[in-house]
Amino acid sequence: MAVCIVLIAAYQLLIAAHIVRPSPGINQWQSNFVRAQQYVIGPKLPEAVLVGSSLSGRLTPEWLGPEVSARTLNLCQAGGSAQTGLEIMLRSGRTPKVVLAEINGTLIRGADEDLMSRLFHPVTSRPAAYVAAFKSEYQPASVLISSYRIQTLLSKTHLLDWSSLRQFLGGMTRKWSSPPAGPEQALLEVAGTAGPPKDGLTPEDEKLLREQIEVFQRHAATLERAGARIYCYDVPGDAAFANTAREKRIQAVIDQMLPRQKVHWLPEPPPRDWKTSDGVHLDDPDAILFSDFIRRQILTILGDKS
Amino acid sequence: MQFNSFNFYVFLFITFTLYYVPALRRYQVWILSLASFVFYAWSSPILLGLLLFSIFVNSFTSFQIVRSEKLALFWASLGVTVNLLVLAFFKYGPLLAGVIADLINTPPTGSLHALLVLPLPIGISFYTFEGISLVVDTLRQQRKSPGDHDLVSAEFGPHLVRSSLFVAFFPHLAAGPILKARDFYPQINTKFLRDINWDFCFRCLTVGYFLKTVVADNLQDYTFWIAYPYFKEIESFTLLTLLFGYSMQIFADFAGYSLIAIGLAAMFGYALPSNFNFPYISRSVTEFWQRWHISLSTWLRNYLYIPLGGNRKGRVRTYINLFIVMLLGGLWHGAAWSFMVWGCYHGIGLAIERLMKDLRGGAGQPDPEEASHWLWDTGRTLWVFTFVTFGWLLFKLPNFSHVIEFLRAVALNVGEPPDLDRIVPVWIFSLPVIAYHLAHVSGIQEMWRNFRLRARIQSPWPRDLCYGVMMAGILLNHGHSNAFIYFQF
């Protein structure tokens, strides 16, 4: 026990002396939790927060630029949705000035209750609020993997584990014994659903989507009463993917329940033939372009000229 | 309720306190049994009824075996049959319902649908086997020495209470070790706080929680990608590394659980059998099954292999018996083709080893005390590890077609650079398991002993440092709180 206490104390000293650098997370689950913890117990409340899925999680601080990154936190959750980010804000009691919420089919996933229970546990989450060594970003193995020379060998993408998924659907030139997946099958495999819906969105999924949009509306209203301004947006993707029956139906439901006349939406990004690596995630050059668009929107909203 | 949850720590504190209060000492068995029911009912209260039913059936039939010598075999058969029927219903009912639904080609409704969505009660595979152990051990004892009833009390009430503790004792309820009645019942008596071996408890719990929360729960974030369809695009060497990581994970998860169970039981004065003996240093498949899930393999040996004839009915029958035992052992894990294939896979491995031993005139088995060349031993160990690791694929991918797809991906996805995002963390989190095993290789142990003698290291500081690092790791580097893999069985 004494050895354990000494080791933890020594590690805390290294953190306090800035010898140990925090890790952004070495896999998507840890990255999600690190970001969530940064929001809940970070010293400084960001002025603007992005909430959404891995689609917006691609927007790295480097691409958003130093001016915006210093005032913005990307709270997007790989494998999650905007619901998780909103839930985190509500439960933490910390309300930023501006919330940019990614609105698309990922809303079906709802909030990540497992992450919530770990993040807000009345007992086990408390040590991290007072002792940095207990924070997820300082987990020794993560710090080791992130910091040394190994980092130069690792992918520089913000969400390390989605590189495999991009390769999976981007590998259209790879030789397979079976034909490459089309965009609709790709989405379903990404979403983990069983098989292609015959007529676009299944009735069960549409019901789920509508319920989740209602939840989103309630959360957004609560945050607006607390002083936040909520702006909706979506990440552009592959045109062929957007034209699938499922995506069209999702868009129709969103347009019906969150019409532009009643809800703040960001303007559409400049029209172009957006390139993705898997039908949904923007490839690097286009992610940089979209990041620049979001950067200018955030600066406009916060009252600065771009 | 998971061992690594806050709710469990509160539960443990309350139970431990009540258990050792002097005024409540005479009710210790009651306290532990009731606490175990609370533990089981926490996540699924409705399934507590099944556990109570199992306890009642096994208590009643074992009691009747002793009361009625002429009908002893009848009561034993009834007890075993009911246990197997319950296990078959819950484990294989959904599979059967699925087959029927496919055959009649209509969406399942009513009872068929209810069967399809039937939840698998946690621990059912373990406590039904223990119930069978109680019934069979009682029958054997009755036949061997009638009147000698150390398993069954003279009255049904006390026997029911003791049997409740035997079956439901919470440290081992969800995932073993599988207890044998004749080993546990003699331990049921009054326990005192002063008799707890705290050093033993501390060591078991520390190593157990470290293996589970630091190794297994962190590796889970990488072996996740072995799932279909994610593995289809992953490069070959990375896939093999992930499979290696899964091998480490399943050991750390299960052995960690078993050590926690043993440590917890020791806190209440009960000795549970060891369940793992560093299985990945095995030099043969036979040796592997003497080191892995020891309580299951000894159960299968005592209650299945030996009654089938064991190795007493000639060579061919021995191979068949080995195959049958492993096949049923595989099916015990779950109602999926993969588990049956896994059982066959190990059964064939065991049978072939036995055949080779017989062909060599019995000299084929590795004798742990035999001085064999370290290169040969290392080669055999690596071979057995590879054999076992590929077998774990059948656990990870219960859909057999996905197993084939995975192997195809390993064969075809060559030429791309390995994914260091995954490979490096898998190796880092696997190192403790590797070190844990290497520390128990006899050659390395001898080297360490000689080093300590030469360096005159007499104090236990190396051991204390190891445990201190493990405790710090548990507090600082735990993964998500995932359920134990063997809870699904």
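This is a predicted model: local features need pLDDT of at least 70, side-chain atom pairs count only at pLDDT 80 or more; totals for chains, interfaces and linings use all residues.

Guide: Glu137(A) is buried, that is, under 20% relative accessible area, where exposed is over 50% and partly exposed lies in between (1.4 Å probe, protein chains only).

Residues are numbered from 1 along each chain as its sequence is written, chains are lettered from A and ligands numbered from 1 in the order in which they are written, and side-chain values use heavy atoms, with hydrogens and water left out.

Glu137(A) sits in the loop between helix H8 (126-130) and helix H9 (140-147) of chain A; helices (H or I, at least four residues) and strands (E, at least two) are DSSP runs, numbered from the N terminus. Its side chain makes a polar contact of 3.2 Å with the side chain of Gln38(A). Such a contact is a pair of N or O atoms within 3.5 Å; within protein, one must be able to donate a hydrogen and the other to accept it, and residues adjacent in sequence count only if both atoms are side-chain atoms. Leaving aside neighbours within four places in sequence, Glu137(A) is in contact (heavy atoms within 4.5 Å) with Pro22(A), Ser23(A), Val34(A), Gln37(A), Gln38(A) and Val143(A).

Turning to the sheet, chain A has an open sheet of 4 strands in the order S2-S1-S3-S4, with parallel pairing; two strands pair if DSSP finds at least two bridges between them. Strand S2 (72-74) and S4 of chain A are the edge strands, each pairing on one side only. Strand S1 (residues 48-51) of chain A is joined to S3(A) by 4 bridges, and Leu50(A) stands opposite Leu100(A) in S3(A). Strand S3 (residues 98-102) of chain A also pairs with S4(A), over 5 bridges in the parallel sense, where Val98(A) has Arg229(A) as its bridge partner. In strand S4 (residues 229-233) of chain A, 4 of the 5 residues are buried.

Terms used: Lys and Arg count as positive and Asp and Glu as negative; His and the chain ends are not counted. A salt bridge is a side-chain nitrogen of Lys or Arg within 4 Å of a carboxyl oxygen of Asp or Glu.
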